Amino acid sequence: MIMASHCLVLADHHKNIIFFFFIFHHFFSVHGLTGGTSLSVKNTNHILISPNGLFTAGFHQVGDNAYCFAVWFMNQAMGEGRTVVWMANHADQYIIWSTHTKSTSSSVQLQLNSTGNLILYEGEQVLWQSFDYPTDTLLPNQPLTKNTQLVSSRSSTNYSSGFYKLSFDLNSILCLRYEGPETTSVYWPFPGSPTWVDGRYQLINSQEASLDSAGIFTASDGFSSLSADFGIGPQRMMRMDTDGNIRVYSLIEDQRIKKWQVQWQAISHSCRIHGICRPNSLCSYSKNSGRRCTCLHGYKMVNSEDWSYGCAPKFEGCRPDEEGFIELPQVQFYGYDGRSHPNYTLDSCKKDCLNNCTCKEFDLQMCRRDGEKYDKILPEKT
């Protein structure tokens, strides 16, 4: 992140070719920068434009008087602002960023090409390119490898790294992973299903995935998907969204209004994404209204504007004499079971939970005489 008075300069500093934030004002080329030229935050016309006019690189505002160098689509969807596809400071927006490359040549230049790839050249040799360092977006024909990953943003307005990642695991399986403050887990492919059921192949030498221009996404583990609008034509991108789902979007025009439309997504039921509503909350889903997060009975939101903080109890302490239970049918809490008690009755489970202050809920895997199943039993303050 930089403040508004700074510039981006391509400089030769002790034979190190770096992007350097410096208070200096000069000129720039439409498609690229050469040694000694710069882009200024103060001048909104100081941008790089790809030869085909599809992509722009420049300073993108991420906060009050705060900017990050980024690449975005030139065409904008109606009412959505810029569609950023790469950002220099995605992991940490409060550091000065550099490519950390070296050269002794005077023919170094930075160019934004027609694929959206920002490339640092020494003559014809590539010293560095943004396609090797994706943030949350994969552009057509950009490879995702064993050394790279897509990381969601924290929110639509907070571009720092979020909790969700798309990457290859140690078995060479492409997976979606939740990395929360307290736990990490894989939720796609479904962890309870063998990988071969989904047509995946483990322990292969190659680890690479890409989205092509026709909307086909393929991975070296055998996974493939086809966009609903398959075919050459619209601008496309694959994004690791803030809600933990990976989606392919196409820019379409409907009644002269441009908008990004989902053409494929990995998970159709968004409540199956781990950690989506965060601690002490309940996720519900319907095709008409989509996902909805609510706090469990006796809990309230920690931050009324951000579900990533989850919910906190309205009550304090552990008082078994003042607590009872409520039943939550067809509910599965995210996490791991603490212990198991075979042949316990409902009353035995209630007593055991009330006598343990760390007990948040219990799952009774048995049926009543009338055939109704208890899915989750949650303690409640009476």
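**The aromatic rings**

Modeller: W86, W97, W128 and Y133 are linked into a cluster by ring pairs, where rings of Phe, Tyr and Trp (its six-membered ring) pair if their centres lie within 6.5 Å, with planes under 30 degrees apart called stacked, over 60 edge-to-face and the rest tilted. This is a predicted model, in which local features need pLDDT of at least 70 and side-chain atom pairs count only at pLDDT 80 or more, while totals for chains, interfaces and linings use all residues. Residues are numbered from 1 along each chain as its sequence is written, and side-chain values use heavy atoms, leaving out hydrogens and water.

The structure holds 13 aromatic pairs. In one of them, the ring centres of W97 and W128 are 5.6 Å apart and the planes stand at 70°, so this pair is edge-to-face. Because W97 lies in the loop between β9 (84-87) and β10 (101-102) and W128 in strand β13 (residues 125-129), the pair ties together parts 31 residues apart in sequence; strands are DSSP runs of E, at least two residues, numbered from the N terminus. W97 has 14% relative accessibility and therefore counts as buried (under 20% relative accessible area, with over 50% exposed and partly exposed in between; 1.4 Å probe, protein chains only), and W128, at 4%, counts as buried too.

The rings of W188 and F223 have centres 5.2 Å apart and planes at 90°, so they are also edge-to-face. Since W188 lies in strand β19 (residues 184-188) and F223 in the loop between β21 (216-219) and β22 (224-226), this pair ties together parts 35 residues apart in sequence. Both W188 and F223 are buried.

Methods
Helices (H or I, at least four residues) and strands (E, at least two) are DSSP runs, numbered from the N terminus.
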